[in-house]
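Here are some friendly notes to read alongside the structure. Please keep the 3D view open and find each place as you go.

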Amino acid sequence: MCGIVAAASQNNVINILADGLKHLEYRGYDSAGIAVIENKKIHSYKREGHVSELTNILDKKLTSNIGIAHTRWATHGKPSEINAHPHVSDNNIAIVHNGIIENYIEIRDKFFKETKLESDTDSEVLAHLINSYSKENDILDAVYLALKEVKGSYAIAVLDKNNADEIIVARHGSPLLIGVGENVNYIASDAHALIMHTNKFIYLEDGDTASISSKEIKIYDTNKKPVQREIKKSNLSLDSNTKNGYEHFMLKEIFEQPEAVKATIQDRIINNTVPKEILGPNVDKYLSNFNLVQIIACGTSYHAALLAKHWLEKLAGIPCQAEIASEFRYRKHAVQKGTLAVCISQSGETADTLSALRQIKQEDNYVGTVAICNVPESSIARECDSTLITHAGPEIGVASTKAFTTQLVALMLLIIVLGKRFDVTDELEKSLCEQLKTLPTKIKSTLDLDNEIAELSKIFSNKEHALFLGRGSHFPIAREGALKLKEISYIHAEAYAAGELKHGPLAIVDENMPVVAVAPNNVVLEKLKSNLEEVKARGGKLYIFADIKAGFKSDEISQVFEIDAPMNPVAPILFTIPLQLLAYHCAIIKGTNVDMPRNLAKSVTVE
Ligand code: F6R
């Protein structure tokens, strides 16, 4: 949610800022802006739209040794040039802000009743507040005093015209890191923006404030006491920032799934067993005393949670609840003693999931917390007792693909470890390990459906609505297929448990309603077949993704796409692949922005 990049250098920083913004664009892309200090003046440039709109207007001769930049995902105030960051106060102070200042109206009414504000944003108020405190305090104190008034979440970078060598930054609830260079230091919301310049990063902690110049980095805690934070080396590769010959990041990431799954199981399956050590040194805190699992996640990660619930209960006999984090955090819970919490998050920064995790940590009946996460340095990964990293590599496309399938793989590894005290026998462990090891090859074969699905998309993309059906452990996959289709092709799609059709949704089935079915060869196959007959009888057109042994044949009403997905617990992972491809190809035909769909952003760091 919004991307921040900033730099203080002995050389010109304009290209650093412009390139950094391009790499952060997946976090928000409705407007962008940059502010630099040149000849003792703040110069600010802003544009509505993508980062390229901004870089097109930047004067080629513009130079500066210090600057801050921002790409926005609108929360307060519509996407527009006026609402774009940086917000400049009195030509003195410029700020970029990620997060939400919840009490900005109170602050505005208390301090700026007489001031005419330019924008509709919460952030502009903070710029004015810092500016007013800077009249009688140095800039670091001014930031501290201003932030004392603020309720909400923020990562900010502040430029002060009268202090042209340093940038002040602060974080509370939104990610921010410092990139360490030679005669240059950087700031960014994530390492992608800077990996072409440095692989050395300091991850700021909540409550930290820092002053950064080209020569020096000083970090302070909430009480303004100087603190040391470790410099970590990142192994992000430059490659992860490029499309590597693919037309879109999303397509590249779909095709990276065999490798991503391989990397996620690598070194975690040893002689067909999964050692508890994959959960790190704190595993003994909860392994012998938990007796049920509560999973929390949002969006696609929540779909992974739903499938994990099936697996935990069916394979391990462990009771499990899965809940959307934004609901979980605002209701009262009857928590049973011995509950283990599992948070699933690709980014590890999703505000609702993080906040739910923090609530859980206050509650005695939870015996431990486990993160399934793709970003090792993220808040969720750092704040859980154990973290199982999905080695998907950076996911840039806003629609989650390889992060989802690797989350499922990591969840299966977790279930094997947790389940040994319950129903996971040595024999079942061996069989699940073998199934996981065959996945990369099976995903590769499933990707061969690409051309066939591209053809199907020519018909499908004309539709305005679609229904996705699945049963049992494949219902979460149908839900994920529907989410993928709507988020990138803007075709309205809903998923139903196939048995629910006749309880209402069947009323909308006619020849204009495509119905996509996920049809594994499992115990509910015959039931699913009956549900699909109900669709056919109403003239609904069927697109069935079926296991080769499920016995479906194409006819004038149904088109069948065969997948080699033997009847075993990991089969749902394979059925995910064609649904990702369907969404992708429909989006291409509809001409939407596949990697940056409208109204969305990759990392949802606001509620
Ligand atoms: C959809 C998608 C989102 C995310 C959700 C949670 O394709 O990517 O629904 O899954 O915003 O994000 P994380 O997993 O980062 O917590």
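This is a predicted model: local features need pLDDT of at least 70, side-chain atom pairs count only at pLDDT 80 or more; totals for chains, interfaces and linings use all residues.

1. Let's begin in a loop: proline 86 sits between strand E4 (66–72) and strand E5 (87–89).

2. What is the phi of lysine 40 near? The value is near 65°, which is positive, and lysine 40 is a residue other than glycine.

3. Now for the ligand. There are 14 residues around the ligand, and those that come nearest are Ser301, Ser345, Ser347, Thr350 and Glu487.

4. Some individual distances to the ligand are worth checking on screen. In serine 301, a polar side-chain atom lies 2.6 Å from a ligand oxygen atom. Serine 400 uses its backbone instead: one of its backbone N or O atoms is 2.9 Å from an oxygen atom of the ligand. For threonine 300, a backbone N or O atom is also involved, at 3.1 Å from an oxygen atom of the ligand.

5. The remaining points are about pairs of helices. Two packed helices are described by the angle between their axes and by the distance between those axes. Keep both numbers in mind for each pair.

6. Threonine 300 turns up again where helix H8 (residues 299–316) packs with helix H15 (residues 475–489). Their axes are 9 Å apart, at an angle of about 170°. Angles over 145 degrees count as roughly antiparallel, so H8 is roughly antiparallel to H15. On the H8 side, the contact is made by Gly299, Thr300, Tyr302, His303, Leu306 and Leu307; on the H15 side, by Pro476, Ile477, Arg479, Glu480, Leu483 and Lys484. Sorted by class, this contact of H8 with H15 has six nonpolar, three polar and three charged residues.

7. How do helix H7 (residues 257–265) and helix H12 (residues 402–419) lie: roughly parallel or roughly antiparallel? Their axes cross at roughly 25° and come within 9 Å, so H7 is roughly parallel to H12. The crossing of H7 and H12 is right-handed. From H7, Gln257, Ala260, Val261, Thr264 and Ile265 meet Lys402, Thr405, Thr406, Val409, Ala410 and Leu413 of H12. The residues in this contact of H7 with H12 divide into six nonpolar, four polar and one charged.

8. Last, find helix H14 (residues 450–460) and helix H17 (residues 571–590), whose axes are 8 Å apart and meet at an angle of about 50°. H14 and H17 are therefore oblique to each other, and their crossing is right-handed. H14 brings Asp450, Ile453, Ala454, Leu456, Ser457, Lys458 and Phe460 to the contact, while H17 brings Pro578, Leu581, Leu582, His585, Cys586 and Ile589. By class, the contact of H14 with H17 has nine nonpolar, two polar and two charged residues.

Methods
Residues are numbered from 1 along each chain as its sequence is written. Side-chain values use heavy atoms; hydrogens and water are left out. Axes are lines fitted to C-alpha atoms, for helices over the stretch in contact, and angles run from 0 to 180 degrees between N-to-C directions. Helices (H or I, at least four residues) and strands (E, at least two) are DSSP runs, numbered from the N terminus. Angles under 35 degrees count as roughly parallel, over 145 as roughly antiparallel, 65 to 115 as roughly perpendicular and the rest as oblique. A crossing is left-handed if the near helix is turned anticlockwise from the far one by less than a right angle, and right-handed if clockwise. Contact means heavy atoms within 4.5 Å. Ala, Val, Leu, Ile, Met, Phe, Trp, Tyr, Cys and Pro count as nonpolar, Asp, Glu, Lys and Arg as charged, and the others, Gly among them, as polar. A residue is near a molecule or strand if one of its heavy atoms lies within 4 Å of it. A polar contact is a pair of N or O atoms within 3.5 Å; within protein, one must be able to donate a hydrogen and the other to accept it, and residues adjacent in sequence count only if both atoms are side-chain atoms.
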